[in-house]
Amino acid sequence: MNVQISRQLHPVSPAGARALVRIVIVGHVDHGKSTLIGRLLHEVEGLPDGKLDALKAVSARRGMPFEWSFLLDALQTERDQGITIDTSQIRLRTPARDIVLIDAPGHAEFLRNMITGAAQADAAVLIVDATEGVRDQTRRHGYLLHLLGVRQVMVVINKMDRVAFDAGKFREIETEIAAHLAGLGLTPSAIIPISARNGDGVARHTSSTAWYRGPTVLAALDAFVPARPPHDLATRLPVQAVYKFDDRRIIAGRVASGRIRVGDDVLIMPAGKPACIKSIEAWPERETSQTPRVAIAGQSVGITLDRDIFVERGDVVCASTSPAASARRLRARVFWLHQRPLAVGGHITVRIGTAESTAVVAAIEDAVDPGLLASDGAEVIAQNHVGEIELALSRPIAIDPYTADPNTGRIVLEFEGRIAGGGLILTAQAAALDTTSGPRPGKVASTARASRTGVNSDELRAKASALAQVFASLSPAERIAHLRREVAGKIVFTTSFGLEDQVILHLLSERTDDIAVVTLDTGRLFPETYALWAQTERRYGVRIRALHPRHGDLETLVERHGINGFYDSRAARLACCTVRKVEPLERALAGARGWIAGLRAEQSAHRQDMALVTAEAERGLIKLNPLFDWTREELLAFVSSNDLPVNSLHAQGFASIGCAPCTRAIAPDEPERAGRWWWEEESKKECGLHSHRP
Ligand code: SF4
């Protein structure tokens, strides 16, 4: 149920405004969401006067015990009668801030609202019933939060009164839910034992949970960090229209983010034309001394510039110090509404703010059925499903990723003249670096071969060779930073939790760049590797996404070669590696323009031939091995001085650690990869992941 108390919050002004945090509540409908919301409203004195007493009296007259969820039913009824209650969201005032609680009754509807911009959440409360523990529904809700990119999560274990406030039961559920969320890259800010019905742990601790040392629900709500208000973000004024008045050209639009000030230097994107704000117009026209000098996010304005440059609808006036990207290609997470599935190669119209462009779907990944909240592995997005897509635009558009600016980082998709979907922009690829958009006017088309990704191979190789020269004298951290600057679009770091991978992840964690961290879960890893995976996510607060083998491929493999057929022949071993690693790797790299891996030249004779930077023409990406020239001694020194988490098997003599059946410990005088596929000839041991595709 969704209700909103329509009492007016304090008016928002940039100076002295109370922080506003939007929090989505997810969890099974019977796990006590309504009870918790009713109790919270009571605790913060957010109920209409006399409402609680009236409801208690009604319950008593009917001989029914009072339930907090009755409050929401009653408020909902009043809303239905058009009285005091608005729908869909609940507002609370704590001493520190204003909170909007957003209920999430259905996955599909909620995902659609979030992704298309009807709702936004800065944080989440996941509610779990102590008598039932972590159920499939709970796991799906964790996945929902991951899909929406909600990083701040609190878990409440409700109905502790029904398990006699058993600390052991709480710890059991706490461990399970923390491990599940870690697998999704989420670290809960608190896991709180409560009885929403009795109030234990909601606004205050009681003797029933004397064994618990963490915050109450209200304290944890207050600890969530609010999103930055729009006026604190970099200036964005999407141009709606340009009017000519006498000799002035007035640029009209609504300030989406930041503030526009007379005298500000701006860039008009996507063309990147510089200008200065000459005036903010006012109607009716006023004395010069009374004309506005500044306008903030949310205000509609007309401005003039200090020079006569061509500006049109769809352009964006940006802060000159941090302009939007001028992009020909972008990646977005979208919700698709049209009955005809969205497929690679499909032509659609894209709207971003006031800009519009036709576009071709270049790639589709991670298509998800929101009802099941699990990846369906499809390469099309069916009606009412979610997926990540890469779009090639027919002309440059000014673009911000959603994480940089939620106000301008949204996209609307049109198909056959109707709105067919919408979503969040994940990354943009700069027009200047785009090699896929065809010849520019006045230039002769390159005759270079295009790979299956559409990226021009010759240009890619030229770029890799130029980068290799620059990278040779840089540190690993500088190499990564430079790659991020030079390669627009998706960059993937593949980790197998080796020492090299742990060093690279440590270097990445010091940066805020959008680099996806993925691992290939072959299903045959050591328990120690899975433990290190969870430990690493906790330490760095990152989600390490797992790619699993396709189920059908596994069935065929085992049918043909047996579960451990790799011991019998090299062909069977390569077949196993192909199903469990190589194919999932291709999915991990789909749509990527950069790939970071942990190879070092001295690891094996085979790797001597590899390079610091290579152009992977078939995949259409640049590959960087930032530790390529490091020695094992340098590696160990870095691990030790930064106290990095490492696989506990190293202490037992394991050096290069892969799948459990194919890895053994090595003797002190053996080369470090001697423990991998030890039954095969030394010269044939590479697994194909880092060499050529089998
Ligand atoms: Fe299969 Fe061994 Fe290769 Fe793992 S390392 S994918 S178990 S052959």
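This is a predicted model: local features need pLDDT of at least 70, side-chain atom pairs count only at pLDDT 80 or more; totals for chains, interfaces and linings use all residues.

Colleague: Where does Phe 165 lie?

Modeller: Phe 165 isn't a glycine, yet its phi is positive, near 50°. As for its place, Phe 165 is in the loop between strand 7 (152-158) and helix 6 (167-183).

Colleague: And Trp 677, buried or exposed?

Modeller: Trp 677 also has a positive phi, about 45°, although it is not a glycine. You'll find Trp 677 in the segment after helix 14 (632-641). Its relative accessible area is 2%, and the cut-off is under 20%. So Trp 677 counts as buried.

Colleague: Which residues are around the ligand?

Modeller: Trp 677 is one of them. By class, the shell has six nonpolar, no polar and three charged residues.

Colleague: What is the space taken by the ligand?

Modeller: The space that the ligand takes is the second largest cavity.

Colleague: Let's move to Glu 365. Which side chain does a polar contact join to that of Glu 365?

Modeller: Glu 365 is in strand 20 (residues 355-369), and it is buried, with a relative accessible area of 7%. Leaving aside neighbours within four places in sequence, Glu 365 is in contact with Gly 387, Glu 388, Lys 490, Arg 587, Ala 590 and Gly 591. The polar contact, at 2.6 Å, joins the side chain of Glu 365 to that of Lys 490.

Colleague: Which helices and strands do the buried residues of helix 9 pack against?

Modeller: Helix 9 covers residues 476-486, and its buried residues are Pro 476, Arg 479, Ile 480, Ala 481, His 482, Leu 483 and Arg 484. These buried residues pack against helix 8 (457-471), strand 26 (490-494), helix 10 (499-509), strand 27 (515-520), strand 29 (592-596) and strand 31 (621-624).

Colleague: Last one: what is omega for the cis peptide bond between Met 269 and Pro 270?

Modeller: Pro 270 is in the loop between strand 12 (265-269) and strand 13 (273-280). The bond joining Met 269 to Pro 270 is cis, with an omega of about 15°.

Methods
Residues are numbered from 1 along each chain as its sequence is written. Side-chain values use heavy atoms; hydrogens and water are left out. A residue is near a molecule or strand if one of its heavy atoms lies within 4 Å of it. On a 1 Å grid over the protein atoms alone, a cavity is a set of points where a 1.4 Å probe fits but cannot get out, and a pocket is an open set with protein on both sides within 12 Å along at least five of seven lines; lining residues have an atom within 4 Å of a point. A molecule sits in a cavity or pocket if more than half of its atoms lie within 2 Å of its grid points. Ala, Val, Leu, Ile, Met, Phe, Trp, Tyr, Cys and Pro count as nonpolar, Asp, Glu, Lys and Arg as charged, and the others, Gly among them, as polar. Helices (H or I, at least four residues) and strands (E, at least two) are DSSP runs, numbered from the N terminus. Buried means under 20% relative accessible area, exposed over 50%, partly exposed in between (1.4 Å probe, protein chains only). A polar contact is a pair of N or O atoms within 3.5 Å; within protein, one must be able to donate a hydrogen and the other to accept it, and residues adjacent in sequence count only if both atoms are side-chain atoms. Contact means heavy atoms within 4.5 Å.
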